Amino acid sequence: MDEKARSCLLQNRYTLERDIKTSYIMDHMISDEVLKPHEEQKVRALATQRERGATLIDIILKKDNYAFISFYNALLHEGYKDLAAVLQDCIPLISPEPEKGILDGVTPYVKTVLCEGGVPQRPVVFVSRPELVDEIRLKLMKLKENSGWLVVHGMAGCGKTVLAAEALRDHVTLMDSFPGGVHWLSVGKQDKAGLLLKLQNLCIRLENDSQLSQRPPINIEEARDRLRLLMVRKYPRSLLILDDVWDSWALKAFDIQCRVLITSRNRTVAESVTGKRYSVHVEEGLSHGKGLEVLARFVNKKTKELPEQAHNIVNECKVSFRFLLIM
């Protein structure tokens with residue numbers, strides 16, 4: 001969903017939740033094929049009108065521009081003209097232009113999910129590595145039906161974090177395999193106190209305004225139990241990404257029968273956890289052509305416009321991401 005349309009729903013959600021009767025609104029949205037039967041059942045099962053309205057708005061916020069337009073039209077048809085009026089100026093345009101984004105996977109839905117999940121943006125100097133990205137996506141598909149672990153491993157500076165984030169920039173991957181969203185956590189090298197702080201911050205992020213919200217967990221065991229309940233009750237079929245994991249003992253706090261993507265220098269970092277494990281190895285070096293592409297993007301030129309010395313620089317750096325960017 002476009003940022004403007006999403007913002008408009010959020011700004012007016014209190015009034016919408018309070019005033020709408022969801023049953024007729026949902027009938028229109030189902031006929032438009034933007035609301036699924038199980039989503040309708042979820043709303044109908046709630047006890048009060050306010051709860052039903054709040055849940056319907058939450059569902060719409062996770063959908064695309066067509067859902068916003070369908071909701072707007074339903075308000076008009078059911079006599080909520082005043083409510084429709086507050087949304088009118090925010091109606092997104094449906095044109096051929098967004099279809100470009102759908103082709104490379106980066107739809108408004110993808111942007112929203114990744115932003116909410118804290119996934120890093122593409123770096124300024126970004127060079128595509130489609131073979132590795134596709135391999136990670138194929139392995140992620142193995143986590144679609146069941147919990148498990150995918151470890152993306154390689155030497156420092158080989159691009160593991162960038163590749164993991166890039167693999168998530170795909171509408172089909174997020175919608176089909178991880179409809180519960182994604183949650184990115186930079187772990188790093190931690191002692192027990194540092195790990196507990198990371199877990200507390202993650203629990204606070206995931207709890208948000210949930211009824212499960214309470215004081216921060218006081219130890220790693222309590223944080224692990226809290227996180228397990230959150231993933232089961234509030235974020236089923238979501239993906240937890242643990243970036244830059246150094247120590248295998250730290251993973252025990254996340255061994256909660258959910259879907260986990262790890263980046264690590266250590267190939268065996270996940271050997272002590274339970275569940276199925278998959279891995280993708282990232283080689284340290286780049287091809288000579290990719291090395292030139294990094295340099296060209298860094299100086300904002302085309303590869304063929306680089307001077308002869310560029311070849312020597314790439315050779316001296318042994319086409320390493322890290323050394324090229326330092327130079």
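Begin by selecting M231, which, once neighbours within four places in sequence are set aside, is in contact (heavy atoms within 4.5 Å) with H183, L206, P236, S238, L240, I256 and C258. The model is a predicted one, in which local features need pLDDT of at least 70 and side-chain atom pairs count only at pLDDT 80 or more, while totals for chains, interfaces and linings use all residues. Residues are numbered from 1 along each chain as its sequence is written, and side-chain values rest on heavy atoms, with hydrogens and water left out.

A nonpolar core is a set of buried Ala, Val, Leu, Ile, Met, Phe, Trp, Tyr and Cys residues joined through side-chain atoms within 4.5 Å, where buried means under 20% relative accessible area, computed with a 1.4 Å probe on protein chains only. The largest such core has 30 residues, and the members that touch the most others are L199, L227, M231, L242, L251, F254 and I262. To see where the core comes from, colour β1 (148-154), β2, α13 (192-207), α14 (220-233), β3 (239-245), α15 and β4 (259-264), each of which supplies at least two of its residues; helices (H or I, at least four residues) and strands (E, at least two) are DSSP runs numbered from the N terminus. The largest share, 6 residues, is that of α13. Elsewhere, a second, separate core of 28 residues can be picked up through I60, Y72, Y80 and L87, which are among its members.

Now select V187, G188, Q190, V245, W246, D247, W249 and A250, the lining of the largest cavity. On a 1 Å grid over the protein atoms alone, a cavity is a set of points where a 1.4 Å probe fits but cannot get out, and lining residues have an atom within 4 Å of a point. The space inside is about 30 Å³, a volume being that filled by probe spheres set on the points, which are joined across faces, edges and corners. Both β2 (182-188) and α15 (248-251) supply at least two residues of this lining.

Beyond four places in sequence, T173 touches R137, L140, A167 and F178.

Finally, zoom out to the whole protein, whose secondary structure comes to 18 helices and 5 strands. Of its 327 residues, 47% count as buried.

Technical notes
On a 1 Å grid over the protein atoms alone, a cavity is a set of points where a 1.4 Å probe fits but cannot get out, and a pocket is an open set with protein on both sides within 12 Å along at least five of seven lines; lining residues have an atom within 4 Å of a point. Buried means under 20% relative accessible area, exposed over 50%, partly exposed in between (1.4 Å probe, protein chains only).
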